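Hi there,

Here's the structure I promised to pass on. Have a look at it first, and my notes on its aromatic rings follow below.

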Amino acid sequence: MQDSPDAVQPHVRFAGVSKSYDGGALAVRDLQLDIARGEFVTLLGPSGSGKTTSLMMLAGFENPTAGQIFVDGNRIDETPPHRRGIGVVFQNYALFPHMTVAGNLAFPLEVRGIARSDREARIKRLIELVRLGGLEDRYPAQLSGGQQQRVAVARALVFNPGLVLMDEPLGALDKQLRENLQDEIKQIHRTVGVTVVYVTHDQSEALTMSDRIALFRNGRLEQVGDPKTMYDLPATSFAARFLGETNVLKATVVEAGDTLKVRSAATGAMLAATRANVEGRVGEEVLLCIRPEHLKLVWGGAEAPDALSATVREAVFHGDHIRLHLDAGGGVELRTRVRPDRLNAISIGGSVMVALDPRHCRAFRPDDDPT
């Protein structure tokens with residue numbers, strides 16, 4: 001499901017890469033992925049999906065069981081980690097506690113034999129880039145978590161690598177700080193122009209930061225694409241459910257075509273849906289996936305096609321919107337959002353009609369697990 005490779009040589013290429021830790025089960029299966037120079041690509045997926053193992057093989061901390069890894073057309077999977085010239089940022093920062101901020105930044109330059117004058121110039125530039133001016137002489141224990149992570153990012157960049165790997169770098173930080181550092185890392189990426197391969201299990205982080213997302217499932221690539229495509233046009237029901245919130249309904253096809261007519265298994269309601277990865281034949285069982293923002297309440301008793309009757313179970317205030325929890329019967333629970341000024345028109349336990357936009361209601365195979 002990978003995008004068509006560019007005619008230009010990719011900066012990073014995984015060519016049929018697999019990894020087994022026990023000689024049997026595969027943590028990564030036949031990974032084919034090209035990453036262009038200067039791209040910010042996020043490896044996304046649940047725990048155990050293979051994303052971190054893929055990053056560690058690129059870094060050189062794990063060896064592939066099969067396949068090859070290339071950087072700038074040169075095979076590197078047999079090259080020791082310290083000779084790959086790749087910057088790495090870890091979740092736990094991995095700073096030297098006995099060294100100051102400046103000392104931590106100087107270390108990668110010293111081991112590479114960089115002259116002192118050049119070292120000082122690079123350190124000054126990176127200190128300014130990550131906004132740590134005045135903290136050069138502090139030790140890691142004297143810094144906040146966000147400041148330590150900035151030092152870790154600066155250290156990964158200080159020797160001018162063309163490729164930087166980040167393994168859940170913001171996972172240990174609180175929500176507000178994490179969001180602030182997301183913006184800062186993206187700004188650094190734009191300023192420096194380095195290729196970034198970023199691992200996270202946080203869907204919103206992937207959508208916010210990435211040029212492209214590579215979604216992993218059970219060691220395989222499920223889908224690769226830019227954030228908007230991944231969110232609006234998921235290739236499988238797993239992609240729809242994992243990347244962003246979605247409502248899921250079981251249904252049966254009653255009329256074939258690119259736009260399907262389906263009957264809800266739980267309620268018997270007739271609905272329309274866009275065919276995603278299903279055959280679209282009459283009698284086929286499908287899963288309908290639709291984002292909360294594409295469910296619309298029908299106000300004032302108006303009639304609407306492709307609508308379900310539901311009961312309001314909960315209304316949760318989120319500032320700029322109200323999140324409604326709805327019971328459509330037959331075990332079907334739905335989530336939608338309305339403007340705050342509509343709150344007075346909604347009563348807990350009251351009945352509402354909910355219209356499903358068929359352009360955004362996508363029909364998937366019930367079981368698209370590739371294993």
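What does Phe90 count as at 24% relative accessibility: buried, partly exposed or exposed? Since buried means under 20% and exposed over 50%, Phe90 counts as partly exposed. Keep in mind that this is a predicted model.

Phe90 also has a ring partner. Searching the whole structure turned up four aromatic pairs. One of them joins Phe61 and Phe90: the ring centres are 6.1 Å apart and the planes sit at 35°, so this pair is tilted. Phe61 is in the loop between α1 (51-59) and β4 (66-71), while Phe90 is in the loop between β6 (87-89) and α2 (101-111), so the pair ties together parts that are 29 residues apart in sequence. Phe61 has a relative accessibility of 40%, so Phe61 counts as partly exposed too.

Now for another pair, Phe238 and Phe242. Their ring centres lie 5.6 Å apart with the planes at 20°, so these two are stacked. Both belong to helix α8 (residues 237-242), where four residues, about one turn of the helix, separate them. Phe238 and Phe242 are both buried.

While you have the rings on screen, look at two arginines as well. Arg112 sits over the face of Phe159, 3.7 Å from the ring centre. Over the face of Tyr231 you'll find Arg291, at 4.1 Å from the ring centre.

Cheers

Technical notes. Residues numbered from 1 in each chain as written. Predicted model: local features only at pLDDT ≥ 70, side-chain atom pairs only at ≥ 80, totals over all residues. Heavy atoms only, no water. Phe/Tyr/Trp six-rings, centres within 6.5 Å; stacked < 30°, edge-to-face > 60°. Helix = DSSP H or I, 4+ residues; strand = E, 2+ residues; numbered from the N terminus. Buried < 20%, exposed > 50% of the residue type's maximum accessible area, 1.4 Å probe, protein only. Lys NZ or Arg CZ within 6 Å of the ring centre and 35° of its normal.
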